[in-house]
Amino acid sequence: MHISLKAETIFKIMGFEVSNSLILALGASLILTIFAFVFRKKVQLIPGKIQSIIEIIFEFFLDLMSSVLGNREKSEKYFPLIITIFIFILVSNWLGLLPGVGSFVLYEEHDKVVPLLRAPSADLNFTIALAIISVLATNFFGIAVLGIFAHIKKFLNFSSPINFFIGILEGISEVAKIISFSFRLFGNIFAGEVLLIVIFFLVPYLAPAPFLFLELFVGVIQAFIFAMLTLVFLSAHIAIHDSHAESAH
Amino acid sequence: MDIGQILGNLGFDWRVALANLVNFLVIIWILRKFAFKPLQEAVKNREEKIKQGVEDAVRASTELQMAKQESSRAITEAKNNANEIIATAQKESDKILSESKVAQQEKAKQIIQEAKNIIKQEKQKTMESLKNEVAELVIVTSEKFMKEELSRNKKAEITKKIIKVEK
């Protein structure tokens, strides 16, 4: 039994190491791309069963976003970012649970086992990338709504010592968000992988089934948490605009 | 041990992270362009269609209500007209009947009167002819009787008496 924190390199392209988790992340991208192209052709005014289910899920997210952001217009504006984060992480997590992922071994070196595929979220590179996107996007939308100076003022505020200190804390919290986002997702999914490896190693038949269900659930929950936290941080960054606007009036 | 080394031990490689980041940006662009926008447009179009349909249904319902009121009013008016026509016709027929009844009665009276007159005339004629016949019969009888029993003087005297009686 071999457990590695790092994603293993499968091959190199001009010095760039392509890891097994990156391959599966690209696989998730490919699946979503195919879905997008097929869906585009099949979208109808009177929805079929699949379109109805998708619309129900989207409506659920839009309602949830409206309750956080305050109105439907804002939720429609930021919907693509939030739902893409959710869907992408969800598909990545579930792909990591497919039979063969982690168990299809490419080669073995000494006591090191290199599987062909690895759950993308069980690689810190994937989760840090998403965390950076989440934090950058919330700041970007904050700037778009508030303006660059008002946004910077949140981090560098010289109006009073307390505000200055709060500003510094705000800046640190932005970095902390990246760390908490990335390590939460990475920790949960990696722990799930380890749990499944251990269970498969101890009792290969039947016993892993409940844990697989658990991991399916964890996959949804982690994707949902990531998307919702992004939404809440986004809401915090653009909600300040309203208080500014009110004070301006 | 610096933070880069810690992250390195955990498998962090900025180039792979950047690849993942670009990968995500491509996916969000594709999904937004080819999935979310068409779906949002379809939902909006559907909402507009439904709204239009509901508005049409409300308008049609109002129009139906108005048409019902109009037809109800027309029916009431027609009934009133029909009642008026029936009443007029009734009056007219009553008038015609009463007129014809009077005319009939008068005609009947006239016929009765004419009949009475005819009967009276006939009676007079009969009486006259009866008198003449009786007189002739009396004369004939008297002649026969006088021939046998009475003289000529006596005859004349009886004849005078008879004539006197007749007058």
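Predicted model: local features only at pLDDT ≥ 70, side-chain atom pairs only at ≥ 80, totals over all residues.
**Notebook: where chain B meets chain A**

I started with charges across the interface of chain B and chain A, and the rule finds 2 salt bridges there.

I looked up one of the pairs: the side chains of A:Glu76 and B:Lys44 meet in a salt bridge, with 3.7 Å from N to O. That sits inside the 4 Å cut-off, so the pair counts.

Next I checked polar contacts across the interface of chain B and chain A, and got 4 residue pairs, both partners at pLDDT 80 or more.

Then I asked which helices of chain B supply at least two residues each to the side that touches chain A. I found helix H1 (3-9) and helix H2 (14-148). H2(B) gives the most to that side, with 26 residues. By type, I get 20 nonpolar, 7 polar and 6 charged residues on the side of chain B that touches chain A.

On to the extent of the interface. I see 33 residues of chain B in contact with 44 residues of chain A. The two chains bury about 3,500 Å² between them, and 74% of that is on carbon and sulfur atoms. I noted B:Leu10, B:Phe24 and B:Phe34, which supply 19% of the area chain B buries against chain A, more than any other three residues.

Last, I turned to helix H1 of chain A, residues 20-42. Its 23 residues reach 33 Å from first C-alpha to last, close to the 33 Å expected at 1.5 Å a residue.

Technical notes. Residues numbered from 1 in each chain as written. Chains lettered and ligands numbered in written order. Heavy atoms only, no water. Helix = DSSP H or I, 4+ residues; strand = E, 2+ residues; numbered from the N terminus. Expected span 1.5 Å × (residues − 1). Contact = heavy atoms within 4.5 Å. Buried area = accessible area lost by both parts, 1.4 Å probe. Polar contact = N/O pair within 3.5 Å; in protein donor to acceptor, adjacent residues only side chain to side chain. Nonpolar A, V, L, I, M, F, W, Y, C, P; charged D, E, K, R; others polar.
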